[in-house]
Amino acid sequence: MIKTSFVNPFSTDAKEIVSRLGQIDSIDKYNEDLINIIKYSGNQQFDIPTTIKDLSISKYEWYQLRNTDNYDEKKYRYLFDSDIYEYDVVSFYLLCQAIAIGYGSDSHEANIMINLEGELISQRLDRLRSEPNNYQEIYIRETLSQLYDTNNLYWYDIKDVLEIGEINLDELILSNGRIIIEYEDFHNEYAHMIEHRNPQSLYNATCGLDLKIKLIKSTIMFYTKQYIENVEAMSDRMVEPNPIMTDIAQSLKDIQKEVQIAKFGSATNRTSDNQPVPFNMDAFPPCVKKCMEGIKSGGRNDAIVLFLTPFISYARLYPGVFKLEGQTIKVSDVDTNLDITNSEVIPLIYEAANNCRPPLFKDQPQEKININSKLGFGMHDSLQIENEGQTRWYTPMSCEKIKLHLPNLCIPCKDCKKIGNPLTYYNRMRAIQSKQQNTNTSGDNSGD
């Protein structure tokens, strides 16, 4: 039987493992037992972690690289070998601690760690489907029973867990506030009401294994978030962090650079279209300039939230978004700690909103939340890394949609011909101005 600590690092068994194997002086030592487990995980052929410290870094690397061209799943097969469970648990706590101390609980790295653990749980539980004799169902039931009394769980008991976003309240079947999870409870509550259908099949479709997996995943993600917050609070009392934690934190930063190169190209071969670039307001199209002056009539909301917010954010952070060819991108991929977004993007959008008549936020303060939503951070009143991905980062509105929905903004000039999007206009004008500037500079030099 696979230990439940393979998916639940907060189990009683997992805590015993940490006390036995988690001594700080052994974290960075060559570990032959760990190496042997990895070597025999699906004929592992690549460079492998030789210490628990290396294992923690490799997990972070796996999660970050898994959707890039640099990813090779064979390199990380050992992460799904249940024999590694003891070292996996220790590496979980080590990675959480390094992130909490090195970056803080509200950081991009902390958000990655929370989602990393959720993805590991999903994939590990999914791989149990191939096991015989309902093994997956038995394992999931045992794991969940360690987290909750599943016969007496009420929705308000998991209110904070629901905020993780993996489960919606309307997905749950409730009876007087109690969540129906087990088949026995489902049968007792509803079997007498079901006609011409098998209660078991209806249970499976509404609150069976999929719900249990989501509940396990969401709960452990929430506990991970809490643990990072607790470590950060305790770290404030530290005189100096352990060098191992500092080394891990630096390694994560190096992985981030590798991911950036894998996704967007190296600094030597990429253009300024796929990385943050300073605003060039002279290159803004007429519609953007008009919106920046403030909307004096109807349509303020759509002009600021739907039109200007995507344009301003992509113009500053990733003007080459239309070259991605189906790939998705988040603000934190190019603005890791949201410094540019908070110090330049949001202020420029707010300035345009305040130039409206009447000022947009004076009678429509909720539009600040809608702006955050269009940047990909969900319906929240502030930009928090932990909320990123709850909505998508909207791309700039096309010229055709502007003409249809915001006709007062469209005042085309000669440079607008054959342009399909204001961001395309902006990039074209930046390129023209840059070329002119280079020509003028060359001319000046030739006269020296």
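What we have is a predicted model, in which local features need pLDDT of at least 70 and side-chain atom pairs count only at pLDDT 80 or more, while totals for chains, interfaces and linings use all residues. Residues are numbered from 1 along each chain as its sequence is written, and side-chain values use heavy atoms, with hydrogens and water left out.

I will start with helix α9, residues 199-207, where the buried residues are P199, Y203 and C207; buried means under 20% relative accessible area, exposed over 50%, and partly exposed in between, with a 1.4 Å probe and protein chains only. Helices are DSSP runs of H or I with at least four residues, numbered from the N terminus. At the start of α9, a side-chain oxygen of N198 comes to within 2.9 Å of the backbone nitrogen of Q200.

Now to the charged pairs. A salt bridge is a side-chain nitrogen of Lys or Arg within 4 Å of a carboxyl oxygen of Asp or Glu, and the search of the whole structure finds 23 of them. Which residue forms a salt bridge with D28? That partner is K53, with the closest N and O atoms 3.8 Å apart. D28 sits in the loop between α1 (12-21) and α2 (32-39) and K53 in helix α3 (residues 52-65), so the pair ties together parts that are 25 residues apart in sequence. D247 also forms a salt bridge with K53, here with the closest N and O atoms 3.5 Å apart, and this pair links distant parts of the chain, since D247 is in helix α11 (residues 243-264) and K53 in helix α3, 194 residues apart. As for accessibility, K53 is buried, at a relative accessible area of 10%, whereas D28 counts as partly exposed at 39%, and D247 likewise counts as partly exposed at 39%.

Elsewhere, R129 and D126 form a salt bridge whose closest N and O atoms are 2.6 Å apart; R129 is partly exposed at 48% relative accessibility, and D126 is partly exposed at 41%. Finally, R141, E182, E184 and K212 are linked in a network of salt bridges.

Notes: Helix = DSSP H or I, 4+ residues; strand = E, 2+ residues; numbered from the N terminus. Polar contact = N/O pair within 3.5 Å; in protein donor to acceptor, adjacent residues only side chain to side chain.
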